[in-house]
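Please walk me through this structure, one part at a time.

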Amino acid sequence: MKLSEPRILAALPELGVERIGGASLAERTSLGIGGATDLLLIRRHSALPDLIALLRGAGVAYKFLGGGTNLLVRDGELPWVILQLARQEPEIRLEGNSAHVGAAADLGRTVTFCAKHDLGGMEGLIGVPGTVGGALRMNAGAYGTQIGSYVRQVELFRAAGVRIETLRENEISFEYRHTSFAPDDIMLAVKLELPSKPYREILQGIRICNEKRRSSQPLNQKSAGCIFKNPPGGSAGRMIDELGLKGFSVGDARVSDRHANFFVNAGHATCADMLSLIAQVRDRVHATYGFQLENEVILWTQ
Ligand code: EPU
């Protein structure tokens with residue numbers, strides 16, 4: 001979608017918003033799939049209420065993009081504009097055992113930055129790609145760690161009230177790959193409280209998690225991480241593997257040979273290829289196990 005409303009275009013500079021015309025989502029998502037649209041890069045969080053009021057007033061549909069690492073986007077000209085937060089300097093501010101982190105910060109860099117200041121706990125999250133905001137929204141987790149455990153406060157744009165609010169930990173619930181945030185809330189910043197630990201020890205934990213991940217996940221291929229959530233007490237990857245579906249493909253969309261819950265873009269996969277692969281694998285699992293796997297990957301396919 002090309003943003004053409006003169007009133008919006010004129011307001012962008014004073015809101016500190018940069019317009020990137022024809023931004024490719026294939027280049028901005030880890031799956032490497034998706035069409036193009038105008039992207040609005042937001043440099044000041046405080047501009048969000050005015051920007052969104054303007055877009056809504058003009059009937060312009062928008063979606064908010066984090067790191068694009070857990071996302072499948074449709075092909076062709078996209079019918080919405082994309083909003084994205086620019087990184088802020090400094091991204092992380094430490095205060096005792098608290099880390100104040102901007103939502104656009106890279107999760108892995110946040111884990112290592114805190115580690116260097118003897119703040120641990122998040123070792124398991126080291127290889128999870130994406131932003132801190134994306135991790136918060138999904139309550140990202142790995143190797144027994146979920147980011148929600150360390151959250152004390154979240155600053156967010158609440159779409160319902162069109163305003164920025166601060167929520168304390170007791171006002172948010174974090175469950176397995178699920179949070180109580182509304183789908184159109186936008187994470188802006190978080191205060192994490194992390195246990196003190198010597199850097200050496202944290203580094204050892206990080207190395208162990210990195211090694212486990214390298215040996216079990218296709219890290220050098222384009223993917224969105226795990227496609228499905230795990231069923232309670234089970235593993236979607238193991239179920240798909242047991243059905244002999246590793247390597248099963250539709251076009252260039254392919255079930256990874258290394259981890260069956262990772263679907264990779266092995267070349268020029270289209271969104272339709274990936275959707276068809278997801279549907280076929282879900283049907284096969286349902287037919288054998290009687291369980292409907294739920295997507296973990298977020299779909300922008302309508
Ligand atoms: N397994 C297989 N075949 C496979 C994949 C897994 O037999 O192709 C078996 C493994 O051998 C193991 C069990 O299934 O016995 C569980 O596998 P794994 O330890 O890889 O964990 P997972 O349940 O498949 C979850 C998260 C990952 C996270 C890892 C490590 C979900 C959906 N996935 O995977 O998160 O990295 O644990 O903690 O919760 C993601 O969310 O995108 C993601 C990759």
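**Helices on a sheet**

Helix H1 (residues 6-15) lies across E1 and strand E2 (36-42), running at about 120 degrees to E1. Helices (H or I, at least four residues) and strands (E, at least two) are DSSP runs, numbered from the N terminus. Angles run from 0 to 180 degrees between N-to-C directions, and axes are lines fitted to C-alpha atoms, for helices over the stretch in contact. Helix H2 (residues 48-57) also packs on the sheet, where H2 touches E1, E2, E3 and E5; contact here means heavy atoms within 4.5 Å. The direction of H2 makes about 180 degrees with that of E5.

This is a predicted model, in which local features need pLDDT of at least 70 and side-chain atom pairs count only at pLDDT 80 or more, while totals for chains, interfaces and linings use all residues. Residues are numbered from 1 along each chain as its sequence is written, and side-chain values use heavy atoms, with hydrogens and water left out.

The sheet itself is open and has four strands in the order E1-E2-E5-E3, with mixed pairing. Strand E1 (17-24) and strand E3 (62-64) are its edges, each pairing on one side only. From one strand to the next the twist averages 30 degrees. Two strands pair if DSSP finds at least two bridges between them. E3 and strand E5 (residues 81-85) are joined in the parallel sense by three bridges, and lysine 63 has isoleucine 82 in E5 as its bridge partner.

Next comes a hairpin. Strand E6 (residues 92-95) and strand E7 (residues 98-102) run antiparallel and are joined by four bridges. Two residues separate E6 from E7, and glycine 96 in the turn has a positive phi of about 60 degrees. Leucine 94 stands opposite alanine 99 in E7.

The axes of helix H3 (residues 107-116) and helix H5 (residues 199-216) come within 8 Å and cross at roughly 150 degrees. H3 and H5 are therefore roughly antiparallel to each other, a term for angles over 145 degrees. On the H3 side the contact involves Val111, Thr112, Ala115 and Lys116, which meet Tyr199, Ile202 and Ile206 in H5. These residues divide into five nonpolar, one polar and one charged.

Finally, the domains. The chain is divided into domain 1 (6-85), domain 2 (92-200) and domain 3 (219-300), with bounds that come from an automatic or database domain assignment. Between domain 2 and domain 3 the C-alpha centres lie 27 Å apart.

Methods
Angles under 35 degrees count as roughly parallel, over 145 as roughly antiparallel, 65 to 115 as roughly perpendicular and the rest as oblique. Ala, Val, Leu, Ile, Met, Phe, Trp, Tyr, Cys and Pro count as nonpolar, Asp, Glu, Lys and Arg as charged, and the others, Gly among them, as polar.
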